[in-house]
Amino acid sequence: MDILISGASVAGPALAFWLTRHGHRATIVERAPALRAGGYAVDFRGEAHLTVLRRMGLLDAVERERTRMGATWNINEAGRKLTRMPEDLFAGDVEILRGDLAAILHEATRDDTEYVFGDSITSISKAGEVTFESGAARRFDLVIGADGLHSNVRALTFGPERSLVHHLGLYCAVFTLDNYLGLDHSGLAYNVPGRTVGVYSARHNAEAKAMFWFASQPLEHDRRDVAAQRRLLADSYAGVGWETPRLLAAMDGAPDFYFDSASQVKLDRWSRGRVALLGDAAWCPSPLSGMGTGLAVVGAYVLAGEIAAAGADHRAAFARYEQVMRGYATACQKSGEGVSKFMVPDSKLMAWLVNQNYKLLPYMPWKKAIARSVRKTAEAVSLPDYGVTRPAARAPRPRP
């Protein structure tokens, strides 16, 4: 079949990888003019995530680019370290920058997947006829929305996102800057009520990532107006101490500024006719869960496998895909709920309580319980072995 995928970040290329192994033809359309760099660190946790990467032949490539992050410390305004946050809870088994993972997936799929950058879908008919913003029109057997939290395919097929996207009370911004603090595979985080700002080293300490989390009701803002988003972030952190002014000053020169809400997507079904949703477009668990990337890669494996197993019966394929993934996605969403008050304490008392918890945790008999619980959720899926009709792609070349 000819299958169109919207979105060239993680879920879309992962799906294309498996579709082409099963003998289908995949086309990926991406609104951005080129592959998106940047983004925060993302995690793979547990055997389910690692098994899919291993079956793709990409686990070694991902491990070569892993962040190898060590300690992240909560600090006070003077920069004094207060408490160390547990690495096994925040970094998973393999942590990698989102942009590095996207590059690995693109390298593994570019030879047998058609990539169309700088374009987007404007309409999808019941027969699979698709029109594009560029004016082009083509017919596809299936259309898959793997285009994230603010999915264009979901909006065209299921309606506006206001009733489908559920805000968790936080906004996040992240961008790259010089590692001027000399961090060595480590990070620092400072909070005041309702706001947390952090910085951590990246790419073998050659650079750093600044990250901002702040509490807010849903904001009315243009998602494509980056200058306005930067002003909004600066206004939200006016008067916050520590390194905050210097970090904010660096964001204007950052090539990869990212800003969005911490939200979840909840749908009664993930398909309609010849259209199905994948990854954050279908079930976004939010960055607070630490599950989104692994969940997307597992979902891509299952969706492609079920399409292959069902032959020409896409309805059966989509139904079976939901049957395998629904409970897993719901459990991963639950792991992100209720986390906001720990990520961004809403009072000085709450900040003190969080710091006391981290301070005492190494001495408590249940110190590994949270990490074990997260791992159990990440592994709570039974992966079918779909087999492939074509050999796996060559492993991507190591990046310089």
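**Exercise 1. Threonine 113**

In which strand is threonine 113 found? Decide also whether threonine 113 is buried or exposed, and list what threonine 113 touches.

Solution. The model is predicted.
- Step 1: threonine 113 belongs to strand S7, which covers residues 113–117.
- Step 2: the relative accessible area of threonine 113 is 6%. Buried means under 20%, so threonine 113 is buried.
- Step 3: leaving out residues up to four places away in sequence, threonine 113 touches Ala16, Thr20, Ala26 and Ile28.

**Exercise 2. The packing of H1 and H10**

Describe how helix H1 packs with helix H10, and classify the residues of the contact.

Solution.
- Step 1: two packed helices are described by the angle between their axes and the distance between the axes.
- Step 2: for H1 (residues 11–21) and H10 (residues 292–310) the angle is about 35 degrees, and the axes are 8 Å apart.
- Step 3: H1 and H10 cross in the right-handed sense.
- Step 4: H1 contributes Ala11, Ala14, Leu15, Trp18 and Leu19 to the contact, while H10 contributes Ala296, Ala300, Tyr301, Leu303, Ala304 and Ile307.
- Step 5: the residues of this contact comprise 11 nonpolar, no polar and no charged.

**Exercise 3. The sheet of S8, S9 and S10**

Give the strand order of the open sheet of 3 strands, and identify the strands at the edges.

Solution.
- Step 1: the order is S8-S9-S10, and the pairing is antiparallel.
- Step 2: strand S8 (121–124) and strand S10 (137–139) each have a single partner strand, so both stand at the edges, with one side of each lacking a neighbour in the sheet.
- Step 3: from one strand to the next, the twist averages 25 degrees.
- Step 4: strands of a sheet pair through backbone hydrogen bonds, either parallel or antiparallel.
- Step 5: S9 (residues 129–132) pairs with S10 over 3 bridges, in the antiparallel sense. Threonine 131 stands opposite alanine 137 in S10.

**Exercise 4. Cysteines and disulfides**

How many disulfides does the count come to? Work through cysteine 172 and cysteine 332.

Solution.
- Step 1: a disulfide needs two cysteine sulfur atoms within 2.5 Å. By this rule the count is 0 disulfides.
- Step 2: cysteine 172 is in no disulfide, and the nearest cysteine sulfur, in cysteine 284, lies 12 Å away.
- Step 3: the relative accessibility of cysteine 172 is 2%, so cysteine 172 counts as buried.
- Step 4: the closest cysteine sulfur to that of cysteine 332 is also in cysteine 284, at 12 Å, which is too far for a bond.
- Step 5: with a relative accessible area of 0%, cysteine 332 is buried.

Notes
Residues numbered from 1 in each chain as written. Predicted model: local features only at pLDDT ≥ 70, side-chain atom pairs only at ≥ 80, totals over all residues. Heavy atoms only, no water. Axes fitted to C-alpha atoms, helices over the stretch in contact; angles between N-to-C directions. Helix = DSSP H or I, 4+ residues; strand = E, 2+ residues; numbered from the N terminus. Left-handed = near helix turned anticlockwise from the far one by under 90°. Contact = heavy atoms within 4.5 Å. Nonpolar A, V, L, I, M, F, W, Y, C, P; charged D, E, K, R; others polar. Buried < 20%, exposed > 50% of the residue type's maximum accessible area, 1.4 Å probe, protein only. Pairing = 2+ DSSP bridges.
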